[in-house]
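Please keep the sequence and the model in view while reading.

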Amino acid sequence: MPINLKTAVVESREQRLGTIIGWDGKASDLSKESAYARGGCEAKCGQKARRICELQGPFTQGSVCSEQMVECQAGNVRDAVLIQHSPIGCGTGQVIYNSIFRNGLAIRGLPVQNLHLISTNLLEKDMVFGGIAKLEQSIRDAWKRHNPKAIFIATSCATGVIGDDVESVATQLEEELGIPVIPLHCEGFKSKHWSTGFDATQHGILRQIVRKNPEKKQDDLVNVINLWGSDVFTPMLAELGLRVNYVVDMATVEELAQMSEAAATVGFCYTLSSYLAAGLEQEFGVPEVKAPMPYGFAGTDAWLREIARVTNREGKAENYIAAEHERVKPRLEELRKLLKGKRGYVSTGSAYAHGLIGVLRELGVDVDGSLVFHHDPVYDSQDPREDSLAHLIDHYGDVEHFTVGNRQQYQFYALLQRVKPDFIIIRHNGLAPLAAKLGIPAIPLGDEHHAIGYQGMLNLGESILDVLAHKKYHQDIAAHVKLPYKKSWLKQKDPFVLARKTAAGSEK
Amino acid sequence: MGKKAIKQIAIYGKGGIGKSTTTSNISAALVEAGYKVMQFGCDPKADSTNTLRGGEYIPSVLDLLRENARVDAHEAVFQGFKGVYCVEAGGPQPGVGCAGRGIITAVQLLKQQDVFEELDLDYVIYDVLGDVVCGGFAVPVREGIAEHVFTISSADFMAIYAANNLFRGIKTYSSKGGALLGGVIANSINSDFHRDIIDDFVEKTQTQVVEYIPRSLTVTQAELQGKTTIEAAPKSEQAAIYRRLARKIADHTESKVPSPLDAKELRAWSSSWADQLIEIERKTQRLAVGA
């Protein structure tokens with residue numbers, strides 16, 4: 001089923017794509033079970049979502065909410081305001097997101113400012129009598145205080161349950177204020193994986209901000225869907241004579257609106273870019289670049305060639321590719337020698353991990369295991385050229401212990417014991433301390449563009465050398481700390497043993 | 001898209017007032033007239049469409065949600081009398097969970113999966129339980145769902161209170177693109193004073209009566225067979241009344257914002273009628289004694 005922009009509420013990832021959050025096995029088996037490998041779908045299973053047999057644990061030790069993904073996307077639009085229509089607890093992320101936002105702006109050389117986030121602070125009486133009046137007041141306050149170019153409204157579990165009619169207030173005030181007022185439905189209970197929050201933001205932007213029937217086309221403009229990473233795409237795409245339109249984070253409302261004028265849309269992580277890129281192609285005719293992601297030689301080559309093909313710049317791409325291969329190879333050879341025999345472990349978002357494992361293997365690092373926080377059996381475009389997991393396996397080989405899990409501490413211990421890595425690469429840093437207690441240093445990839453492209457291979461190689469230099473420090477930590485688990489659990493080889501017990505012991 | 005617009009109608013009323021009976025007869029009359037119709041039951045009891053399917057219960061949208069990780073909303077669509085499409089939102093057992101959220105979830109699932117468009121429907125008729133107790137029960141009257149609301153009421157004061165409550169809900173949403181009121185379907189009207197009470201109420205609240213439906217044994221007999229009156233007694237007078245009602249609803253285009261009575265007005269209004277009713281009662285008793 002194509003993306004449906006007629007309703008205000010985004011369809012969750014598990015509904016659209018058959019997303020799972022629990023699986024353990026060989027990467028090649030997961031790839032075989034995924035929709036891409038199974039090819040055309042029978043009418044019965046719907047057009048998109050296909051099921052993979054999923055492991056379901058009896059409890060969850062930590063996760064993230066869809067609403068937080070709305071905060072770190074819609075909340076990061078520079079001249080907009082995000083209203084969290086929620087009890088105040090949903091606003092606890094504001095502090096950390098503000099620091100990330102400010103850092104991101106500074107890294108990009110943009111004026112540093114604070115987030116514009118407002119919580120409606122719903123209380124008991126609002127649950128009983130409805131929170132719409134407060135929302136209306138908050139929208140007016142936002143307008144007066146910040147004079148924004150758009151106002152986003154993030155819903156919450158509370159407003160979802162009481163059925164607050166957010167749409168009608170938004171419609172009314174959009175008319176009155178003359179700016180887009182955009183409800184984003186990101187109730188935490190709607191999806192088991194937080195990436196639905198990305199889709200909720202992008203759904204609202206597609207519906208209410210992107211310019212419909214644009215008068216002009218910008219043939220040299222490429223939408224790059226990203227978060228807060230450093231500006232590596234501008235110099236890369238400049239080689240092809242293309243300009244970058246960074247979205248969604250740190251963009252202005254106008255930059256979001258002009259997405260429909262661009263020549264193409266690209267991403268560096270299909271987890272993040274799947275919905276928006278497919279929506280721009282479907283609704284506005286802006287082609288999505290369907291290629292492996294820009295990691296390692298194979299991915300970056302193919303990614304650049306496809307951008308060049310879509311924007312008619314093939315010649316320029318070949319020159320650039322050849323020059324870059326030439327440039328990075330000497331240092332890469334040195335790094336390969338230095339990293340020979342080292343074992344790495346990747347623990348990040350799904351598509352992103354597929355890319356990073358490729359980079360590690362380019363560097364000659366052994367990767368026998370990885371933890372990805374969810375898995376999409378297919379992306380929204382359903383185009384097999386986007387099958388990032390198959391690309392990894394085809395070009396860089398299988399991964400023996402490939403795990404899907406939404407960052408559960410209690411499983412992470414056994415996961416690391418299986419492969420005994422020399423270092424881990426991590427996003428969502430909460431798992432890093434556990435690795436440190438085992439004597440394993442972590443590379444926290446705060447800048448998600450660090451490993452992209454040709455230079456990215458060198459960047460990551462240098463980071464590994466840096467972090468390996470801390471090995472002794474981490475070994476000292478390991479020697480002096482005690483893990484909080486019982487011996488029986490530490491001896492447990494299967495990180496999913498509790499999920500398997502549940503599967504056997506209770507209903508289907 | 002160039003597709004025809006689907007006319008979406010919501011029918012509300014107090015529990016037990018004959019809402020599902022009337023709605024099913026409207027649906028039956030519309031399919032009989034050649035339209036493509038879906039009846040969407042929004043009541044946790046999930047029995048709105050029973051008489052369109054020979055008294056049979058169908059699995060509800062929320063039954064699917066309970067049992068599957070991924071819901072294909074198409075599986076909740078069943079066909080009944082002359083091809084009418086039947087959907088039940090369903091909901092939790094009494095006393096647990098949130099029936100209002102159930103309606104929100106069920107309606108969203110069908111809309112997200114484009115079910116109405118795929119079936120190329122002319123009419124979607126929502127049969128919604130009663131008193132608009134929370135945001136969930138108001139979903140069918142909100143922006144982008146039903147355009148017209150009809151409320152079923154008898155001359156019973158409790159039913160009229162429920163109707164008045166619904167009018168308040170409609171008024172709340174009316175300024176924000178919500179559905180407007182088509183009028184009142186007056187049910188179980190068997191005497192002049194029943195009619196007078198309803199007429200007076202619609203005048204006070206600035207709406208209209210769409211049709212007066214008498215209480216009839218034919219309806220009860222049909223229900224006991226698990227059928228609508230249209231199906232069980234197609235030639236009866238009652239069936240003719242339902243067909244006339246359906247035609248009026250089909251032809252209806254202009255709905256309005258009602259003027260609900262506030263609590264004080266409603267009390268004053270009902271006590272004035274109580275006095276009159278006592279007077280009528282006395283007269284009948286006197287007549288009886290006289291005879």
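Two strands pair if DSSP finds at least two bridges between them. Helices (H or I, at least four residues) and strands (E, at least two) are DSSP runs, numbered from the N terminus. The model is predicted: local features need pLDDT of at least 70, side-chain atom pairs count only at pLDDT 80 or more, and totals for chains, interfaces and linings use all residues. Residues are numbered from 1 along each chain as its sequence is written, and chains are lettered from A and ligands numbered from 1 in the order in which they are written.

**Strand β5 of chain B**

- Strand β1 (residues 7-13) of chain B pairs with β5(B) in the parallel sense over seven bridges, and Tyr12(B) stands opposite Val128(B) in β5(B).
- Strand β2 (residues 37-42) of chain B is also parallel to β5(B), with six bridges; there Val37(B) has Tyr123(B) as its bridge partner.
- Seven of the seven residues of β5(B) (residues 123-129) are buried, so this strand is largely enclosed by the rest of the structure.
- A residue is buried if 20 or more other C-beta atoms, placed from the backbone, lie within 10 Å of its own.
- In a regular strand the side chains alternate between the two faces of the sheet.
- Tyr123(B), Ile125(B), Asp127(B) and Leu129(B) point one way from β5(B), while Val124(B), Tyr126(B) and Val128(B) point the other way.

**The sheet of chain A**

- Six strands of chain A form an open sheet of mixed pairing, in the order β1-β11-β10-β9-β12-β13.
- Its edge strands are β1 (22-25) and β13 (442-444) of chain A, each of which pairs on one side only.
- β1(A) and strand β11 (residues 401-405) of chain A run antiparallel and are joined by four bridges; Gly25(A) stands opposite Phe402(A) in β11(A).

**Contact between the chains**

- 21 residues of chain A are in contact with 24 residues of chain B, where contact means that two C-beta atoms, placed from the backbone, lie within 7 Å.
- On the side of chain A that touches chain B, α1 (13-17), α8 (157-162) and α9 (166-177) of chain A each supply at least two residues.
- α9(A) gives the largest share of that side, five residues.
- That side of chain A divides into six nonpolar, ten polar and five charged residues.
- Ala, Val, Leu, Ile, Met, Phe, Trp, Tyr, Cys and Pro count as nonpolar, Asp, Glu, Lys and Arg as charged, and the others, Gly among them, as polar.

Conventions:
Buried ≥ 20, exposed ≤ 12 C-beta atoms within 10 Å, placed from the backbone.
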